[in-house]
Amino acid sequence: MSHWLCVLVQTPAHAALGSVLSYRSESALPPGTLVRVPLGQRETLGVVWDGNTAQATGEVDPGKVRAVAGVLEGIAPLNTAWQQLVTFAAHYYQRSLGEVALAALPPQLRDLTPAQVQRRLQRGKSAKASKTLAAGVTQAPETAPHTLTQALPLSTEQQAALAQIDTQPGPFLLFGATGSGKTEVYLQAVQALLERDPKAQALIMVPEINLTPQLEARFKARFAPLYGEDAVVSLHSGMSNPQRLKSWLAAHAGQARMVLGTRMAVFAALPRLRLIVVDEEHDPSYKSGEGARYSARDLAVYRGRLESAKVVLGSATPSLESWHHSRPAAEGGRYQRLLMPSRIGAPTAANAADGLPLVRRVDMNHQPRRAVFSIPLLEAIRERVARGEQCMVFLNRRGYAPVLACGECGWKSQCPHCSAFRVFHKIDRTLRCHHCGFTERVPRACPDCGNIDIDTIGRGTERLEEHLAELLSDVRRPGTQSAEHPEGLPVRVARIDADTTRLAGELQNQLAAVHAGEVDVLVGTQMIAKGHDFRRISLVAAVNPDGALFSSDFRAPERLFALLMQAAGRAGRDAALGARSEVWIQTFQPAHPLYAALKRYDYPAFAQAQLAERAQAGLPPFTAQALVRADARTQEAAQAFLNTASATAQNEMAQWEGWGAVLAQITLYPAVPMAVQRVANVERAQMLVESPSRTALQQFLGAWQSVLHATRQIPEAKGLIRWAIDVDPLAI
């Protein structure tokens with residue numbers, strides 16, 4: 001007997017194939033089963049989905065429906081909750097079901113035949129059996145009852161937070177100062193969960209790949225002796241495809257109790273998920289920038305509700321959306337706010353600034369013109385190094401200098417493929433575009449006029465590292481005197497940014513050098529300001545943070561405050577250094593309210609002021625937004641596509657029955673070029689769609705898809721390459 005199945009395959013949202021395709025199968029397969037199916041001239045991975053044949057194919061010739069090529073036996077069907085999560089994400093973020101579902105599965109799974117999958121699963125079982133025999137045990141370690149003995153003593157604030165997590169439904173916003181012990185709360189929340197249910201699973205997410213090794217080390221040190229090495233796995237794009245598949249299979253089979261990962265881990269198959277932690281929940285990295293532009297933080301909250309799992313969002317500087325949602329329930333709040341304002345080892349804080357590094361604002365208007373480092377800051381760095389302490393200086397601009405320019409004719413190092421400048425990298429004498437990657441050797445003379453005296457404009461981290469090494473050249477590291485170096489060794493200045501960490505393992509090596517005390521002054525971008533537990537750093541300096549104060553992006557102040565607070569959190573993490581640790585802000589706007597709030601570590605006051613401004617201006621979280629982006633060969637084609645689709649919505653859709661009320665709640669702004677309007681010879685434009693009602697916005701976007709598809713065919717849009725809808729955009 002032949003059965004017809006609905007199967008999801010990986011097709012983009014604007015493909016003509018549709019969301020699900022129909023296939024024949026000799027046996028009935030439950031939804032969530034992984035299969036291999038023919039698609040055109042190739043064979044691809046598919047997921048059996050719930051639905052009837054008419055929804056999948058409409059009127060088709062039964063003789064043309066192809067048969068399923070194979071079933072990935074040994075892998076249990078993906079459960080109903082996972083299917084519901086994918087369905088919600090696809091609908092909310094305006095993508096196809098197949099695109100979201102297949103992108104959520106390990107890449108290697110798409111390339112393996114059923115026979116290859118069976119061999120891989122068999123190898124995994126054999127390896128596990130060998131470990132069990134070698135250990136001389138007859139019972140799997142994950143089922144044996146244990147009492148954890150390595151947990152650290154908790155502060156009063158940590159105990160109160162854990163008690164709330166244990167007894168209340170959540171979701172929770174854990175608002176804790178940097179160094180207040182949020183990670184220990186996560187560890188003990190997982191501990192309590194496993195003591196109640198040894199087979200339960202927890203998902204712990206971090207915003208960036210480079211934060212997973214230290215987190216994995218802490219979780220394995222705590223839980224691997226009790227539940228086995230396989231109980232803790234990581235899941236992120238920095239892993240090789242075989243590693244990702246192994247971790248995914250362990251999670252899907254229930255062997256992995258804890259999955260640590262970046263935003264992609266929100267789609268991990270976890271059949272017994274009971275706890276979700278989103279650390280540094282404010283971080284923009286949780287929002288995907290391509291494909292289905294989903295927010296992993298928001299999906300984590302939805303998944304928690306779907307699977308009755310508790311959700312903990314943690315941050316010292318929560319996103320304004322989460323802060324708004326955690327207001328009192330009587331005012332409409334949906335999250336429960338947990339407070340941990342004190343650093344571990346410090347006395348209980350009477351106010352937010354107690355026990356945290358002292359914030360010093362340096363008015364650069366009173367410093368020598370064009371000075372990169374103020375005299376007081378330089379002296380403070382010298383004093384710290386002389387005492388054997390470490391300093392951290394960060395600047396959000398990598399490379400040696402942003403622009404190479406000619407003073408004679410005005411030539412600048414413009415990228416020929418992008419509407420942006422190429423950055424000068426001195427270490428390899430190249431001009432490199434950070435948008436398309438186009439790289440050339442630095443010219444010996446100006447390409448336009450032949451002037452050999454071309455120079456740099458601005459500074460990047462590479463130049464900052466060089467300049468700081470020159471300024472500290474007369475300082476010697478304490479305790480390094482020897483017969484060969486009677487005065488001691490010179491200060492070691494090191495740089496960590498995207499350029500110095502390209503090779504695999506390089507970031508871990510550099511961080512290890514900092515932890516070992518081999519670096520005196522660490523220079524870098526925001527990469528070094530997030531989440532790292534540097535024990536010997538007692539001074540942090542932000543060199544040039546003012547740009548965000550005057551950005552056209554309404555989220556820029558929020559990001560700057562979060563970044564500076566995160567950077568401040570790297571100082572004084574060792575209790576012995578905490579009392580004398582400092583944060584230096586070099587600014588031309590020392591009286592700005594943002595810096596005043598930062599000095600007091602008063603995030604609530606900063607958030608209240610920002611939310612008041614946004615409410616007055618009708619900005620998120622008080623309104624819902626979507627951004628439609630179009631890429632084309634010409635800027636005219638990109639904007640014509642967007643403006644025509646907008647006009648059709650306002651004129652033709654308004655005539656649809658019952659749509660007048662919906663469109664009355666929708667604002668369509670004119671199409672404009674993106675900030676960097678050309679990348680890799682592709683012109684980019686965008687259009688903002690806004691509504692005070694999230695429901696109305698979703699209803700409009702779903703119906704507008706057909707208009708966008710039709711608009712692609714107009715002559716004015718010839719040259720259009722692609723378009724995409726970004727719901728709840730973080731950058732406009």
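Which residues does Phe 700 touch, not counting residues up to four places away in sequence? I looked this up in a predicted model, where local features need pLDDT of at least 70, side-chain atom pairs count only at pLDDT 80 or more, and totals for chains, interfaces and linings use all residues. Residues are numbered from 1 along each chain as its sequence is written, and side-chain values use heavy atoms, with hydrogens and water left out.

Entry 1, the core. I found that Phe 700 touches Ala 649, Met 653, Trp 659, Leu 663, Ile 666, Leu 668 and Val 689, a contact being heavy atoms within 4.5 Å. Phe 700 is listed with Leu 34, Phe 267 and Trp 704 as having the most contacts inside the largest nonpolar core, which has 137 residues. Such a core is a set of buried Ala, Val, Leu, Ile, Met, Phe, Trp, Tyr and Cys residues joined through side-chain atoms within 4.5 Å, and buried means under 20% relative accessible area, exposed over 50%, and partly exposed in between, with a 1.4 Å probe and protein chains only.

I searched the whole structure and noted 15 aromatic pairs, counting rings of Phe, Tyr and Trp (its six-membered ring) with centres within 6.5 Å, where planes under 30 degrees apart are stacked, over 60 edge-to-face and the rest tilted. Phe 88 and Tyr 302 are stacked, because their ring centres are 3.9 Å apart and their planes at 10 degrees. Phe 88 is partly exposed at 26% relative accessible area, whereas Tyr 302 is buried at 17%.
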